[in-house]
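Colleague: I'd like to learn how to read a model like this one. Could you walk me through it, feature by feature?

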Amino acid sequence: SLKESYTATAGQTVINLTNTYVQNINNVSVYVNGVRQSAYDETTTSSITLNNPLSAGDEIVVIINEYAVNQAGIDASLIEYTGAQDNVSDALDDLNSDITTINSNAVPKPNLLINGGFDIWQRNNNFTNTQPTASGLSYVADRWFQAVGGGTSGQLLITREDFTTAQTDVPNNPKYYTKLTGNSLVTGNSYSLVEFAQKLEDVRTCAGKKVTVSFYAKTSNASGRNLGVGTWQYFGISGSSEVIQAAQVVSLTTSWQKFTLTYDVPAISPSAVIGDNSSFGLFTRLTSKGTDATYVGLSSEIPDLGSDSVSIAQVKLEEGSTFTDWPHVDSATELAKCQRYYQEHEGFWGYIPSANSSYRDWYQFLPVRMRAAPTVTAVGGNLTITSDGSTATTLILNQDVGNSTTSISNDKFILDAEL
């Protein structure tokens, strides 16, 4: 630290320093008769103006290079300045280097999205025959859904693709990415969209905060394609009107690129009505035309997907305005998160003596508590679900197996509790 001492004259307020300092970063401390002062202005890089006049003979001490830095969320206690430099400029250079090192070693924030790495595909990993109706949506990779709207013709094909083992374009050694391919996909009316998105429980999620979205993407179109990315707040059944955060547009090429976008999520109004199944979501628009482009805040339309493809990998949503690295999540943990919303249970078989009633109840405890009591579908076999009393923790079915049936079986049960 640099220390300068002075004796005040009567009425003095301005202290002219021999050394210079950097203003407005808590870089200088002023003491009068041993008492630290707070009522002063850092007038120039070489002077300080006290708010209160001094008395003749007051002892003034000014200390430069006391650092109290808090940058990008780093606690000031993590940084210590030893005062070994000859001047303020050198000290700040070293300090900024320390900050960069701390940022690079920071623990990654959690991903608010589930299955952002597209590792879990309970339903299937190739949806070549799936095309929603104009107002519908369907889930593909776990927690991710696709929607096509606007008098469409053609198909949207969604597939899980493998990364090659040696690739380095997308870091962290991912196994899979999602590829969305048009099959002569054309949208035809005034509200046209092709969307790939995820909903998070509760509209209160991230409300009033900054969030950062990061992902890797590319397109098959040699001329490039635009992709619209935004967030929305859905206030649930019979709730207040949906709120869209204006979409930002990124330009894709045929090579993998990383994109990082920041959004200010609106706070929840005190008068807002929040109904059941409210959510906060992230959407990507592969096509957005007509009133949909206006609705999501695009400055220009994104044309039909046609037969182009868009590939997306490592999608992360985190709180704050700064990107942190991709967090490692083991596949078992990620599967358990997905099973809160969707589960499949395969291979049931049982035997019922012919003299007994043809009705039997089936109970099965679920490996993961679901978001809500699921909708249950029996696939294959000879089971007919007469009633469904399932809860978020237990599969409870009453099944009519028929008076002449002595054995019952099914290929699988599907349990759905998506938002």
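This is a predicted model: local features need pLDDT of at least 70, side-chain atom pairs count only at pLDDT 80 or more; totals for chains, interfaces and linings use all residues.

Colleague: How many bridges do E11 and E12 share, and in which sense do they pair?

Modeller: E11 and strand E12 (residues 176–186) have 9 bridges, in the antiparallel sense. On another side of the story, strand E8 (residues 126–127) is joined to strand E11 (residues 153–162) by 2 bridges, again antiparallel. Within that pair, asparagine 126 stands opposite threonine 159, and phenylalanine 127 faces isoleucine 158.

Colleague: What is the order of the sheet that holds E8, E11 and E12?

Modeller: Read it as E8-E11-E12-E19-E14-E17, an open sheet of 6 strands with antiparallel pairing. The edges are E8 and strand E17 (257–264); each has a single partner strand, so one side of each is left without a neighbour in the sheet.

Colleague: And how should I think about the side chains along a strand?

Modeller: In a regular strand the side chains alternate between the two faces of the sheet.

Colleague: Which strands form the open sheet that contains E10 and E13?

Modeller: That one runs E9-E10-E13-E18-E15-E16, 6 strands with antiparallel pairing. Looking inside, strand E10 (residues 144–149) pairs with strand E13 (residues 191–201) over 6 bridges in the antiparallel sense, and valine 148 stands opposite valine 194 in E13.

Colleague: Can you show me a hairpin too? How many residues join E5 to E6?

Modeller: The hairpin joins those two strands through 2 residues. Strand E5 (residues 40–44) and E6 run antiparallel, with 3 bridges between them, and threonine 44 stands opposite serine 47. Serine 47 turns up again in another pairing, as the bridge partner of asparagine 16. That pairing is between strand E2 (residues 14–16) and strand E6 (residues 47–50), antiparallel over 3 bridges.

Colleague: Now helices. Which residues of H3 are buried?

Modeller: Check relative accessible area, where buried means under 20%. In helix H3 (residues 331–339), Glu334, Cys338 and Gln339 are buried. They cover an arc of only 140 degrees around the axis, which puts them on the same side of H3. Look at the start of H3 as well: a side-chain oxygen of aspartate 330 comes to within 3.2 Å of the backbone nitrogen of alanine 332.

Colleague: What about a loop residue? Is serine 390 buried or exposed?

Modeller: First find where it sits: serine 390 is in the loop between strand E23 (385–388) and strand E24 (394–400). Its relative accessibility is 9%, so serine 390 counts as buried. Next, list what surrounds it. Beyond four places in sequence, the contacts of serine 390 are Ala373, Pro374, Val376, Leu395, Ile396 and Leu397. With isoleucine 396 there's a polar detail: its backbone nitrogen lies 3.0 Å from a polar atom of the serine 390 side chain.

Colleague: Which residues does glutamine 364 contact, leaving aside its neighbours within four places in sequence?

Modeller: Glutamine 364, which lies in strand E21 (residues 359–365), touches His345, Thr393, Thr394 and Leu395. With histidine 345, the side chains make a polar contact of 3.1 Å. Threonine 393 is 29 residues away from glutamine 364 in sequence, but the C-alpha atoms are 8.8 Å apart in space. At 21% relative accessibility, glutamine 364 counts as partly exposed.

Colleague: How do I zoom out to the chain, and where does pLDDT stay under 50?

Modeller: Begin with the inventory: the chain has 3 helices and 25 strands. Of its 419 residues, 44% count as buried. Then look at sequence separation: among contacts between residues at least 6 apart, 74% join residues at least 24 apart. Finally, check confidence. The average pLDDT is 85, and 80% of the residues score at least 70. The stretch you asked about is residues 66–81, for which the model has 33 contacts beyond four places in sequence.

Technical notes:
Residues are numbered from 1 along each chain as its sequence is written. Side-chain values use heavy atoms; hydrogens and water are left out. pLDDT is the predictor's confidence in each residue, from 0 to 100. Contact means heavy atoms within 4.5 Å. Two strands pair if DSSP finds at least two bridges between them. Helices (H or I, at least four residues) and strands (E, at least two) are DSSP runs, numbered from the N terminus. Buried means under 20% relative accessible area, exposed over 50%, partly exposed in between (1.4 Å probe, protein chains only). The arc is that of the directions from the helix axis to the C-beta atoms. A polar contact is a pair of N or O atoms within 3.5 Å; within protein, one must be able to donate a hydrogen and the other to accept it, and residues adjacent in sequence count only if both atoms are side-chain atoms.
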